[in-house]
Amino acid sequence: MPTNYQYRYVELIKEASYGVIAAGISVTGEVDDESLQHQFDLMTRADMSYLGAKKSLAGKTHSEGGINLVCQPDDFCAMIMRGIYNKYTFATGTSHLFEEDMAVATGLPSFGLKIGRELKEHLYTGMCITRVSMSANVGEYVTMSADFTGLAEDDGTPASLNTSPTFVGGTEDGYHFAGAEVFFDNGATTTNAGALIKSFSIEWNTNLNTDSCTGLGSRVYSVQPAPQMREITGTLEFSRPVMAAPSPVTEQPTYYDTQTAAGLVYDPAGSLYAINLRLTSGAKIVNIYVNKCIWEAATNNVSGREASSMSLSFTALVDADDVMSSVLWTTQSATTLA
């Protein structure tokens, strides 16, 4: 049974340039578990003159893995979101705005990860986020996960463990179902979806192109993996099927709305959002905005042990302003993540 609990930690460092963590913004989070690992492709030769393979060599080398945690109003969770949006604005106070911008030349940031594992601190640099997911369920904390890929684990002299890490969210509790709401807008006034939603999940995929990161003469990534086509998907689960517009009308899609021949698209004009997933903890708020989306056909299930429920899945689409989503995140500190 482990005894060195205080030597377990995940420190996330925003790199100034790819693979360089010097002077980078550093935050340490309260993480449930992590699975970062050094990996390499094995090149093995087997020719006809021998019983089996005789020669083998390590090929492309990299690191990958993920972290799972409870979503909190702290800079660690906000920094994860920083890794999947290319435009960042720090407002006066504690508000962080993450946006997509096709016009800016800035790419997605890269990170260094210092992982304390009781006996040694492991260092991974050039780590880029490939996927982020968030989910909220009735009766549970809001959970969050992020997957990374990057350079090989540092094989230099092992760093000393940080025996007393400072967690940026140490005084904060996680978001939970009692502070979660979902708003819809199909072009009219945005209103609360009410108490019918029992869970939501959303996932961002950057689809990093790792195949084009290596070249002749190198086993590791020589350039930062570039994002390819962005994907944002999610699912909402309702405690009972919504067959007709609720009263009062909340603009939430119904079972039959999603069965239209052309598919149901929510694309409100101007500054309105098709879906707004909101988490609150006092004055600290996370707003996840999906500008435009198409709904998949609703699923309606029932079993001998559970009442009938309904699930709606959506896919974010690029709107007239060439964006899909944005996130407004309020944290407990007044620290920029630039």
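**Notebook: salt bridges, cysteines and a core**

I began at D101, which forms a salt bridge with K87, the closest N and O atoms being 3.7 Å apart. D101 sits in the loop between β7 and β8 (111–117) and K87 in strand β6, so this pair ties together parts that are 14 residues apart in sequence. I am working from a predicted model, so I keep in mind that side-chain atom pairs count only at pLDDT 80 or more.

**Entry: the other partner of K87**

Next I looked up E99, and K87 forms a salt bridge with this residue too, with 3.9 Å between the closest N and O atoms. Here K87 lies in strand β6 (residues 87–90) and E99 in strand β7 (residues 95–99), so the pair ties together parts 12 residues apart in sequence. I noted that K87, E99 and D101 are linked in a network of salt bridges.

**Entry: R131 and D147**

I then turned to R131, whose side chain meets that of D147 in a salt bridge (2.8 Å, N to O). R131 lies in strand β9 (residues 121–137) and D147 in strand β10 (residues 143–150), so the pair ties together parts that are 16 residues apart in sequence. I checked the accessibility of both partners. R131 is buried, with a relative accessible area of 18%, whereas D147 is partly exposed at 25%.

How many salt bridges does the structure hold? I have 11 in my notes.

**Entry: G65**

Leaving aside neighbours within four places in sequence, G65 is in contact with S35, L36, A146, D147 and F148. G65 counts as buried, at 15% relative accessibility. I also looked up G65 and G150: they are 85 residues apart in sequence and 9.5 Å apart in space, C-alpha to C-alpha.

**Entry: cysteines**

How many disulfides does the structure hold? I found zero. To see why, I looked at the sulfur distances, with a cut-off of 2.5 Å for a disulfide. For C77, the closest cysteine sulfur is in C71, and at 4.8 Å this is too far for a bond. C77 is buried, at 0% relative accessibility.

For C128, the closest cysteine sulfur belongs to C213, 8.0 Å away and too far for a bond. C128 is buried too, with a relative accessibility of 3%.

**Entry: the nonpolar core**

My last stop was the largest nonpolar core, which has 63 residues. Which of them touch the most other members? My notes give M81, M134, W204 and W329.

I followed up M81 and listed its contacts, not counting residues up to four places away in sequence. M81 touches F98, V132, M134, M144, W204, V327 and W329.

Terms used. Residues numbered from 1 in each chain as written. Predicted model: local features only at pLDDT ≥ 70, side-chain atom pairs only at ≥ 80, totals over all residues. Heavy atoms only, no water. Salt bridge = Lys/Arg side-chain N within 4 Å of Asp/Glu carboxyl O. Helix = DSSP H or I, 4+ residues; strand = E, 2+ residues; numbered from the N terminus. Buried < 20%, exposed > 50% of the residue type's maximum accessible area, 1.4 Å probe, protein only. Contact = heavy atoms within 4.5 Å. Core = buried A, V, L, I, M, F, W, Y, C linked by side-chain atoms within 4.5 Å.
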